[in-house]
Amino acid sequence: MTTSSISSEILEREPEQRALVDALDLVRRTGHGSLVLVAGEAGVGKTTLLRQFATNRPATTRVLWGSCDPLFTPRPFGPLLDVADALGGELADVVTTSATAHDAVAALSRQLRDQPGSVLVLEDLHWADEATLDMLRLLARRLETVPVLVLASYRDDQLHRDHPLRLVLGELTGNPALRRLGLTGLSREAVGQLARPYHVDADELFAKTSGNPFFVLEALAGGDAAIPDTVRDAVLARASRLGDQARTLLDAVAVVPPFAEVWLLESLAGEVIEGIDAALTSGMLVATGGGVGFRHELARLAVEEAIPPHRRVALHRLALAALGHPPAGPPDLARLAHHAEAARDTAAVLEYAPAAAARAEALGAHREAAAQYARALLFGAALPPAERADLLERRADACFITDQYDAGIAALEEALAARRATGDRLGEGDVLRQLSNFLWCPGRVGESAEAARLSVELLESLPQGRELALAYHHLASICVRASQWQAAAAWARAALGLAERLREPTIISRAFTVATISEFVLGSGDDLDEVLGKAQRLGGPGEIAHAVDQLVEATMATHRYDLAARYIEDGLAYCNDHGLELTRLYLLSYRSRLALDQGRWTDATEAAELVLGIRRTSISPRIQALVVLALVRARRGDPGRWPLLDEAWRLAEPTGELTRIAPVAAARAEIAWLDGDLDGVDRATEATLELAVNRGAEWHVGALTRWRLRAGLDVDADAPMAKPYLLEPDAACELWLDLGQPYEAALALAEAEDEKTLLQAYEQLQRLGASPAATIVGNRLRERGSAVPRGPRASTLANAANVTARELEVLQLLAEGRRNAEIASTLVVSRRTVDHHVATILRKLGARTRGEATAEALRLGIVGQTR
Amino acid sequence: MPRYIVERDFPTGLHIPVDPSGAAICTTVVKNNTEENVTWVHSYVSEDKSKTFCLYDGPSPEAIRKVAQRNDLPVDRITQVTVLDPYFYS
């Protein structure tokens, strides 16, 4: 009896199989895609489960199989390469050329739609490269319209806190297309059943293996009465029972993960390849697509580690030579770099690692690019300083995109020293600019400004070129972030003039963007749409994203929410389509702030929760989201606002940057005021108000001054303040309403002395669901001896049909004939949320169908005619 | 998971009939709750049925409000609470 036949029943995992069958059924019936995450420790049987499912599937189901490989630095799009091989067509073209995850997903989706009900297996995602993870993230977002069952497996015990897969899993949470299957080890009973024919001590077997199926089977297959102590011992015991030829062959296969092509094996093992049958029969190796591989990575690792070091190096050398001249197609650069390092071949590492990095960059796998550059640098200690500096700068670029700020800063500091050592002044100035940009993101603002200043100073002393234009533009951007709009406009104009002379289209686009938005804030520039037009004509996605980001920053800073709303929503759609994750994060944080200010608190919390679910080093979006969530809780009177605000303050305060600090300070003041803690208002505002006054930031000065006034503290009435903060209650209220900020409007009214206005403020606050502020105003009314009305609840005030504000938005889209999926993506909420809203709307309108609901809503005048 | 007391006002009184329709109401509420990972532990109802104090486990106050809206239930105050057991001290 072989281990495979006894094991099949016990390891088949009936309920998990059924779950997969049901999931596939659902995809076939509904046409909506689904993603099942299969998680468990190494050896628990994830692959076995997936293979079993693939074997038993209906004959008409196509299964596409892709595995991530355990190379030190994985190949970009590793699993997708296998899938593209099988699928051919557009996807194959895309992944072999330089395409981004976005292009790959677009191609894959089109091909999957042509074969509805296909299964896509992505194995071992804990090893996935960045391009593959981006692909998964984008595919998950559009599963609604792609009829595929995606089965993604990973080892959940190996995901450390900052593992890139963990970030993706965090983002997937809440996706309605997501299911999870967690696999655990075998029970004591099951182990006993497996052990019975072998006459081994089942209790000892269970104790040693903890029920890990791979370990159990390997231990039994070794055939000894003594149970090995570790997986490694079990594997090696089993291997030692094979003949010498087969052993030698195992060694060769072990050094070339994930599997060895036959032609490669011939180069590595020569005549010993005869042993292949014995190794396959033993079950240690399995035949895969174009060669053979280990049945399990745990076995490969055990065998590889047992190869004597000199022999291992020799094998890697052979692999390196063979892979350099494959029988067909171009050489695989990532595999070459891997073996070059393992063979300790410096020249080969310096040849292949930078090439592999460039390839990874072209495919959007920046994390792998950074690692390949690091590999080259490790072996490139003796490179000339200029070449080394080139590699360092390229590594820093890749680090920047992947949020590895400390590593990037270290690389740039070394590059700076190298440029200085060679007397390369131009290079030195350019590195200083890059360093300045790097230092800002994690909040090292002072050093960042200093580096930017030095860069401009140095480059101005040299003949004018591209580097100086970039340095001017960068300095302008730093000024924008510091709300120094006058200086921003001036530097941006300098950059623009130089870039135009040099005919540098992308710098022209970026400099024009910064110049125009700065002038807009200063009250002179007006044609904001031309910013987008120019970015589209002169630049690529990077320039368009930059333009959107700056437009939002300027319109939010000036409270032009009508414009901001449009830029945010259009920008989010663009970023979603093009996989621009960092800009998307910024825009989501602005969406949450906008919704808060506009009194749409549930929308605000939904956007803020999205931002907080994505962990990145860039702190600005996180600070903004924390502030929004804290304020919504405080305004509703809900618990848990201080921990959020404390975290925001911890992040913002050390940066010394007004745009990051002031919103947190204002929120702290507001919450202290709501709590009746007037000293708290003083503490929250004092230092920041001084900073805001120094910067002439009139909106921040106004907001902070107002909280001090409300708390009865002393203020400097002559400080420059934005208009609504200077007006009497009635006029201020009018202006706030014009700006679209109802809560601010109500608070303005609450400062009035007369009963009628206070009553009005009270009612507005009730309507917004702002009970703590309403209570404060109510107490003021009672002090005056006035009766305080029992306010109707916010949710019952929307209109005749009792439809809430959010439901109204859904209803409007529904009336335009949009499907739930479209409504979900328009409002950026989950599909499930929309389903709920629609069900509630039908009930409230007493309608059976969407058509009836639309007709009833039109009759009641709740929605307008289709736009 | 944090625990909350949710206070709800029902000016005209809360009436859940003790029959299949009442059971259906409770089932719907519980089902909607699970989708936001919210658990309704139990409630205390005032004598005149105009106010309830509901004990909930949930990930955040936002989740409590979200399901309240789906269930068409008012929320007047959410307080985060921990257990104090008087007999623990003796």
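**Briefing on a predicted two-chain model**

Of the 17 residues of helix α35 in chain A, 16 are buried, so this helix is largely enclosed by the rest of the structure. The model is a predicted one.

**Helix α35 of chain A**
- Helix α35(A) covers residues 658–674.
- From its first C-alpha to its last, α35(A) reaches 24 Å, close to the 24 Å expected at 1.5 Å a residue.
- A:Gly676 follows α35(A), and its phi is positive, near 75 degrees.

**The surroundings of A:Trp440**
- A:Trp440 belongs to helix α23 of chain A, which comprises residues 425–440.
- Because 25 C-beta neighbours lie inside 10 Å of A:Trp440, this residue counts as buried, the cut-off being 20 or more.
- Apart from neighbours within four places in sequence, A:Trp440 has contacts with A:Val445, A:Ser448, A:Ile478 and A:Arg481.
- A:Arg481 is 41 residues from A:Trp440 in sequence, while the C-alpha atoms of the two are 9.6 Å apart in space.

**The five-stranded parallel sheet of chain A**
- Five strands of chain A form an open sheet with parallel pairing, in the order β2-β3-β4-β1-β5.
- At its edges are β2 (63–67) and β5 (178–182) of chain A, each of which pairs on one side only.
- From one strand to the next, the twist averages 15 degrees.
- Strand β1 of chain A (residues 34–39) pairs with β5(A) in the parallel sense over five bridges, and A:Leu37 stands opposite A:Arg180 in β5(A).
- Helix α4 of chain A (residues 78–87) packs on this sheet, where it touches β2 and β3 (118–123) of chain A.
- The direction of α4(A) makes about 150 degrees with that of β2(A).

**The three-stranded antiparallel sheet of chain A**
- A further open sheet of chain A has three strands in the order β6-β8-β7, with antiparallel pairing.
- Its edge strands are β6 (260–261) and β7 (285–288) of chain A, each pairing on one side only.
- Four bridges join β7(A) to strand β8 of chain A (residues 291–294) in the antiparallel sense.
- A:Val286 has A:Gly293 in β8(A) as its bridge partner.
- Helix α13 of chain A (residues 244–254) lies across β6, β7 and β8 of chain A and runs at about 90 degrees to β8(A).

**The contact between chains A and B**
- Chain A contributes twelve residues to the contact, and chain B contributes ten residues.
- On the side of chain B that touches chain A, the elements giving two or more residues are α2 (61–70) and β4 (77–81) of chain B.
- That side of chain B has three nonpolar, three polar and four charged residues.

Note on methods. Residues numbered from 1 in each chain as written. Chains lettered and ligands numbered in written order. Predicted model: local features only at pLDDT ≥ 70, side-chain atom pairs only at ≥ 80, totals over all residues. Pairing = 2+ DSSP bridges. Contact = placed C-beta atoms within 7 Å. Axes fitted to C-alpha atoms, helices over the stretch in contact; angles between N-to-C directions. Nonpolar A, V, L, I, M, F, W, Y, C, P; charged D, E, K, R; others polar. Expected span 1.5 Å × (residues − 1). Buried ≥ 20, exposed ≤ 12 C-beta atoms within 10 Å, placed from the backbone.
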